[in-house]
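User: I want to learn how to read a sheet in a model like this one. Can you take me through it strand by strand?

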Amino acid sequence: MDQVLVLGGTGWLSGRIAQRWRDAGAEVTCLARGERPAPDGTVLCRGDRDDPGVYDPLAEQHWIEVVDVSSRADHVTAALAALGDRADHWTYVSSLSVYADDVTDGLDESGLRHAPAQRGDAYDYGAQKVAAEDAVTALVENALIVRPGLIVGAGDPSDRFGYWPAAFARAGSEPVLVPESADRSVQVVDVDDLADVVVGELGQGVMNAIGDVHPLAELLSRIRAGAGHTGELREASDEWLEGHGVQYWMGERSLPLWLPADMPGFMRRDSSAYRAAGGVHRPLAETIRAVLDDERTRGLDRARRAGLSRADELALLAQLTSPS
């Protein structure tokens, strides 16, 4: 039986990748720390990648595929050194955050990247991914680097997409605070579509993995309709939101999917290589429906890693509509 190693395998994306390799008939081993389980039918090897000997139990096995999703370049480099000559193919899941150019529309895989992280640097996600990519290309001949953009779907731990179905559903017939949407775009990739292409494509090179470009206003309208929201949309300017302590994109007290106006290319990347590799995009309505169902199950008013609480949103709305 073909042997596949997923470095991770217990997380949101890596778990789906492990499941798909299992369903394809491979014997799947997941290397992960922590207490989360690996998917049924896979083998879980507990280990901390900060431990220099963590790969010793895996080094005698021959792998048809190794998949790594780490955002730490030192972890990626150590895995390559220990296992690179034991693998027929290596897939590294990187990120569109490697690109230094957030202005150019339709940037493809040849776009300028950030400088790679160096030992001792303060942690920077994009720079770490660049350094990890460089290690993969330097140490493994038969490798694919996949650069996803914003990954969405049921169970998303980041809350960046799920905030909006929850915000519209919890508001009902009351108003919802939204950012300026003119000239703003959104690109997402469904987690299940991404897992499918990672498992299905064992080629070489680099591939942006992202969906179609949607105007932000159109996406919010479609989410709103799916959630059955009938209240008003109250739009606030960038200056007003920044002045009231609301963050862009993600994190505490943020409006997800809202980006600075000087980053028009961040969500307008070229995805032709993904399509050429057989990557597909399920209907956006299907993703919205799955995320909305998941948000209702997990709790519309739960604490989140991104977005506004309803109480905070209502307070901001009151300030937005009050006389100056």
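Analyst: Start with one pair of residues. This is a predicted model. Here Leu 5 has Thr 29 in E2 as its bridge partner.

User: How many bridges join strand E1 to E2, and do they run parallel or antiparallel?

Analyst: The general idea comes first. Strands of a sheet pair through backbone hydrogen bonds, in either a parallel or an antiparallel way. In this case, 5 bridges join E1 (residues 3-7) to E2, and the two run parallel. The chain gets from E1 to E2 through helix H1 (residues 12-23), and this β-α-β crossover is right-handed.

User: Why is E2 largely enclosed?

Analyst: Buried here means under 20% relative accessible area. Of the 6 residues of E2 (residues 27-32), 5 are buried, so the rest of the structure largely encloses this strand.

User: What is the strand order of the open sheet?

Analyst: Its 7 strands run E3-E2-E1-E4-E5-E6-E11, with parallel pairing. E3 and E11 (205-209) are the edge strands, each pairing on one side only. On average, neighbouring strands are turned by 20 degrees against each other, direction ignored.

User: Which strands does helix H3 touch?

Analyst: H3 (residues 125-139) packs on the sheet and touches E5 (90-93) and E6 (143-148). The direction of H3 makes about 170 degrees with that of E5.

Methods:
Residues are numbered from 1 along each chain as its sequence is written. This is a predicted model: local features need pLDDT of at least 70, side-chain atom pairs count only at pLDDT 80 or more; totals for chains, interfaces and linings use all residues. Side-chain values use heavy atoms; hydrogens and water are left out. Buried means under 20% relative accessible area, exposed over 50%, partly exposed in between (1.4 Å probe, protein chains only). Helices (H or I, at least four residues) and strands (E, at least two) are DSSP runs, numbered from the N terminus. Two strands pair if DSSP finds at least two bridges between them. A crossover is right-handed if, with the strands pointing away from the viewer, the path from the first strand over the helix to the second runs clockwise. Axes are lines fitted to C-alpha atoms, for helices over the stretch in contact, and angles run from 0 to 180 degrees between N-to-C directions. Contact means heavy atoms within 4.5 Å.
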